[in-house]
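Hi everyone, thanks for coming. Let me put the structure up, and then we'll walk through it together.

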Amino acid sequence: MAKTSIGEFVNQVKSEATKIVWPTGRETVQTTIMVLIMTTILALFFVGVDTVFNAIVSWLTSLAR
């Protein structure tokens, strides 16, 4: 593999950086809201699963008494 000079590397980085497309403010807000909604839904799901498993384990341990 051929080594590139530091100057050539910097030029390549600048060239690639110009290709970046940043999201608009509205897209950022929409994405943030979606992440918060999905996080809340997953949290509620896992609370439900944990509650069910806790009830099952409690029932099983009560049988052993």
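Okay, let's start with the overall shape. A compact globule of 65 residues would have a radius of gyration near 11 Å, but this protein comes out at 26 Å; that radius is taken over C-alpha atoms, and the globule rule is 2.2 Å times the number of residues to the power 0.38. Along the principal axes, the C-alpha atoms fill a box of roughly 75 × 40 × 10 Å.

A quick word on what you're looking at: this is a predicted model, where local features need pLDDT of at least 70, side-chain atom pairs count only at pLDDT 80 or more, and totals for chains, interfaces and linings use all residues. Residues are numbered from 1 along each chain as its sequence is written, and side-chain values use heavy atoms, with hydrogens and water left out.

So what's it built from? The protein has 2 helices and 0 strands (DSSP runs numbered from the N terminus: H or I of at least four residues for helices, E of at least two for strands). UniProt, in an unreviewed entry, puts a "transmembrane region" at residues 33-60, though such annotations may be inferred rather than shown by experiment. That span is 100% helix, and its end C-alpha atoms lie 41 Å apart.

How much of the protein is buried? Buried residues make up 0% of the 65.

Now look at Phe 9, which sits in helix H1, residues 6-17. Phe 9 counts as partly exposed because its relative accessibility is 49% (buried is under 20%, exposed over 50%, partly exposed in between, with a 1.4 Å probe and protein chains only). Phe 46 is 37 residues from Phe 9 along the chain, and their C-alpha atoms are separated by 47 Å.
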